[in-house]
Structure formats: structure tokens, C-alpha cells
Amino acid sequence: MCGIVGYIGYDQATPLLLEGLKKLEYRGYDSAGVAIHTGSELKVVKAQGRLQMLSDKINNGNNIKGFLGIGHTRWATHGKPSEKNSHPHVSQLGKFAVVHNGIIENYIQIKEELLKNGVKFVSDTDTEVVAQLIEYYYDADILNTMSKVANKIEGSYALGIVCLDKPNELIAMRKSSPLIIGIGKNENFIASDVTAIISRTRDIIRLNDEEIAIIKKDKVTVYDKNKNRVTPIPFHVDWNISTSEKSGYEHFMLKEIMEQPKSIMETIKPRIKDGKIVLDDLNFSKDDLEKISKICIIACGSAYHVGFVAKYIFEKILRKPVEITIASEFRYMDPIIDDSVLVISISQSGETADTLAALREAKSSGAKVLSIVNVVGSSIANDSDDVIYTWAGPEIAVATTKAYSTQLSVVYLLAIHMAYMLSKITKEQYDSYINDLLLLPEKVEEILANKDTIKSFAQKFCNCKNIFFIGRNIDYAVSLEGSLKLKEISYIHSEAYPAGELKHGTISLIEEGTLVVALATNDMLFDKMVSNIKEVKARGAVVLSLTTEKHKDLEEISDFNICIPQVCDMMMASLSVIPLQLFAYYVAHLKGCDIDKPRNLAKSVTVE
């Protein structure tokens, strides 16, 4: 992995590939490369490091001429970051160049077979196996060759391929890793993300699992892995191109933090009609809900933290047991799942490999799967029984902000809707929750208007070596997200703990001057949080508290205090997370970190 772009058409391919790869830099990478069909050869150039190093090598693309090519930014999985391990990989006789996102799980077995047949390898990657296997099977019929390859390799893959013998064809194939085809006028594209090609086309085909596409400049033909012709369904991307640009902000992350009021409103408002929550795509009857024995939430990273908030909410107002499981652990814990279980999967990209695998495991056990995703037509969306889209728009920064907030908004909609269907809340409570929902964007806007206050706290604490976050109930779930944001982009060690666990060992880590960020927004647990704050203060901690207007008196026992507007406890996560996002951003900015592209991280995690 991490970014793929391919082009065939009337224009010079190399500058277009570089432009597309630049749009994909946010996904994280450690090297880059291109392969161009010049008409007489496959010209391959790679560079370790930033894309600019590749661009400088080929004079911004002007040194290589050709109308067909593929490009890639790599995030190392098999083999360390190096030029030889960079993509594109070329087959032994130079017939094929290949770029790949994903993992070929049986690559060692295939490599051993090819080595026995005299094939020589030059890299340490699993991807080179694909290039060598294509050439090994090649019989001048590219569809027949790719069908054999598809039936041989196992794992996840998005493949872009050029063949020396096919100067007028770009080949693509995918399984469990995102790949789209962009349809232009006398030009066509492939990409791992629509942002790479949105400046040239808005008409898109999403390849389904194990489909093979043969792409010419004026024609796209799609087959399944058994060579049967299939009819793809194109769709039109209608979001504004400015959403994939910084629009005057220094970083995408800050832009996306500031976009949250709009994103939350666009997720909520269309689903509230005449004072009622309307989830048109949800196929749940009251009887279906009553039969649910438990809810199991599967997710990774920040989406997992959304699931943690959801657990508290669902159990409180639905009175159904909820399990929240990190998706990468789900398949390996022998989960107890049957047709009475509702599984909710949460993913921004809809392509998260661990979440997708967990979802499929749950479905194989008979569970009904509802997914919360941002990308229409993504693998997780397609494999689910029901989908609720977040409508956050494209999120470019690796560290999620607005996707997290819109996922929370969907959780609220879903919980209130289901609770009312089950008569677990009264009409008065239902109306009150809806009113609070509609006020969320305005209250987030109010917090963002005071971002300079958060910046001043970041200036005080940007040189900390260790920072701890504490909270109870939903405040603890939000603490997990605040800690993750900070460590993701500032590289400061931070941990989140349930405040009640301090005396069970964690408090031994507190020493003179240690910063503790204490969330105390829950009315029921406020007094207990006051006690916990006093505990860490007694050990020398500096406390930055985050509370609501109702509890301003917390200033008296804290060293510093952030005050946010009041909303019902269930929705407090949408407000309390905003100062934590801003704090992480400003700390990272003051430390000079690469905020949008933090080291070692990728936006879409499409491998296990």
C-alpha cells in the first residue's frame, strides 16, 4: 500500500500521475515511483522518501513521454523502505510493471514455485510476486492471464498493470482493497481514491471484488475472475473540489476541524423531517429490534472510540447489552455470534481491512450487519445488510476529526430512533433529544470560536514528555480519542485511563509537573471526578480540566480549565472532543510536526 494512480489517454501521463500521487500524499508513504509506456519500452523510475524526490528525478515528469502509465506511493509492509522495494515492480523479462495495494498472503508459496522455475527476484516485497506471476502465465491473452493470476493469489489487492505488448491498454484488478476507475473524454484513470483524479473527471466506476478491468482511452471493459463480462454501474461524484484543498488553512487537519459544524449538520438535518428521525435505508421493524439479544460493535482506531461512546449510549437508552471489540481481534476471539445479534461496524473509508474481515466473519455466523461509513459503494457498505452514511465529505488529514464527529452523529440518530421504536423513551424525551441534535452544530461552532484559548494551553504544554487523560463513562471514551489524537500527530506519549482506576496502579506514574487532562462533563459523576482530580493534584500533577458551564467552579481545584456549552450527557462527546482535537493540533504545530502526514501512519488501513 498506499496510493495508486493510473492513466491512459491523449495527454502526457507522467505529469498527471505525479499530480494524482500528490493528492494521495495524505495517506502516508515512504517512497514513490512511476512506470510509463513510452511506445517502445516500460520506463520505470523510483525514489525513496517524499514525492518531490521522484518529481525532481524526472524533471516534474517532463523527462518521460508516454500516454499510458501507473504511479504509486508505498507505505512499507513487506521489505523495508528502499528504492528496490518501491513500486512499480517489473517482471524479470520486462514485460509487465505492477503497482499494488494490499497483502498477498500466499506470496511465499508462489515465490518458491517461481524460483524453482528459474524466476529471479530483486526485491523483498510480496508485490513482485504478482509481476513475476503475470509474466509466467502470460500467453498473449491478457484477460486469460489475469484470470489465472486472480485464481492463484490470496489476500487483498488493488492492482494497476501495464504490459509492454499492450501500449493501448491499462489493466486493473482488485479484491478487498479499494480501486476505482475514472471515466473521462478520450482518457481514463485508475486510482485508490477519488481525490487523485477529481480534477479530471467526476464519473467513477468502483470495481467489485475479484473483477478485472481492461481499460482503453475510450473504453472500459470489466470481467469477473472467470472471464465473464460484467456491467459496472458508474456514479457521479458531486462534492465540491475545494473540499480536497486547504482553502487557505495551513493544514488539512485544521480545515477539517473547522468544518465540523457543517459536516455534523449535513449528517443530521436531512434525516430529521417534521420533527422525526427518518432513516430511509434502515430495514428494521420493531419486531426485528425486539429480537436482538445483543449489539456487537466492531471498529478500529478512532472509529473504535466512537463505538465506545455508542456502547454507553445504547445500553442506557436501548437497555440491550453491547460488546465493543477492536476489529483486528474479533475474528481471533471465537466470538459468540448468531442471528439474534446485531453487529454494527464503523469505518471512515469503508475499506478498513480488519473491520471488513470481522464483518464477513459476523455475517457468516448469521448476524445482521449495520455499517456506519463515509464512502458510498465501499467494500464495507456493499457487504452490509444496512448502511448509514456519514456524509462527512472527503477527509484528507490522516488523523480523523470530522469523520469521528459525523460517526457520533449517526450513533445518536440511530440510538434515539431505535429507542423510540422500542418505547424505551417517551415522546417528550424523543423531542428533547432531537432538539439537542439540531443544536450541536451551533454549539461546536461556539467552541471553535474560542480556539485561541486552546492554543494558549498548547503553548504551555507542548514540551511535555508524558500526558495523561482521565474521565468516567462517556468522558473516558472521549479521553481515549483525545489521547490518540495527541500521540498520532505530536508523537508525545499520552495515555487515557478511567479515572476510577487511578488508585489501581496508574497513579504511580504521576509525578511533579505531569500534565493530566481531566474530563468532567457528566453531571452524575462530577463529584467523583473532583475527587480524582484532587488525587492527582496531591501527587504533583498539573491539571487541565474540561467541563461544562454548569460546573465552572472546577476552576478552583484545577490549574487550568476549558469550559464548553451544555448539552444532554448522551451527546456531550460531540462537544468535549473539539478542544482535544484543537489541543493536539496546536501542540503538534508548535513542535513542527508533519501534521497531515504523521510518520508511519496511513489514512486507509487496507492490510491486516
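1. In this predicted model, K152 is partly exposed, with a relative accessibility of 23%. Its side chain meets that of E113 in a salt bridge, with an N to O distance of 3.0 Å. Because K152 lies in helix α5 and E113 in helix α3 (residues 107-116), the pair ties together parts that are 39 residues apart in sequence. E113 is likewise partly exposed, its relative accessible area being 31%.

2. Helix α5 (residues 142-152) also contains N144. At 15% relative accessibility, N144 falls under the 20% limit and therefore counts as buried. Once neighbours within four places in sequence are set aside, the contacts of N144 are D139 and K227.

3. The salt bridge between R50 and D594 has its closest N and O atoms 3.0 Å apart. R50 sits in the loop between β3 (42-48) and α2 (51-57), whereas D594 belongs to the segment after α18 (572-590), so the pair ties together parts that are 544 residues apart in sequence. R50 is partly exposed at 32% relative accessibility, and D594 is partly exposed at 31%.

4. A further salt bridge joins the side chains of E83 and K57, at 3.2 Å from N to O. E83 is placed in the loop between β4 (68-74) and β5 (89-90) and K57 in helix α2, so this pair ties together parts that are 26 residues apart in sequence. Both residues are partly exposed: E83 has a relative accessible area of 41%, and K57 one of 43%.

5. How many salt bridges does a search of the whole structure find? The search finds 25. A network of salt bridges links R174, D209, E351, R360 and D383.

6. S302 is located in helix α9 (residues 301-318). Is S302 buried or exposed? With a relative accessibility of 8%, S302 counts as buried. Neighbours within four places in sequence aside, S302 is in contact with T400, Y404, E481, L484 and K485. With K485, the side chain of S302 also makes a polar contact of 3.1 Å.

7. Finally, a distance relates S302 to M146. The C-alpha atoms of S302 and M146 are separated by 37 Å, and the two residues are 156 residues apart along the chain.

Methods: Residues numbered from 1 in each chain as written. Predicted model: local features only at pLDDT ≥ 70, side-chain atom pairs only at ≥ 80, totals over all residues. Heavy atoms only, no water. Helix = DSSP H or I, 4+ residues; strand = E, 2+ residues; numbered from the N terminus. Buried < 20%, exposed > 50% of the residue type's maximum accessible area, 1.4 Å probe, protein only. Contact = heavy atoms within 4.5 Å. Polar contact = N/O pair within 3.5 Å; in protein donor to acceptor, adjacent residues only side chain to side chain. Salt bridge = Lys/Arg side-chain N within 4 Å of Asp/Glu carboxyl O.
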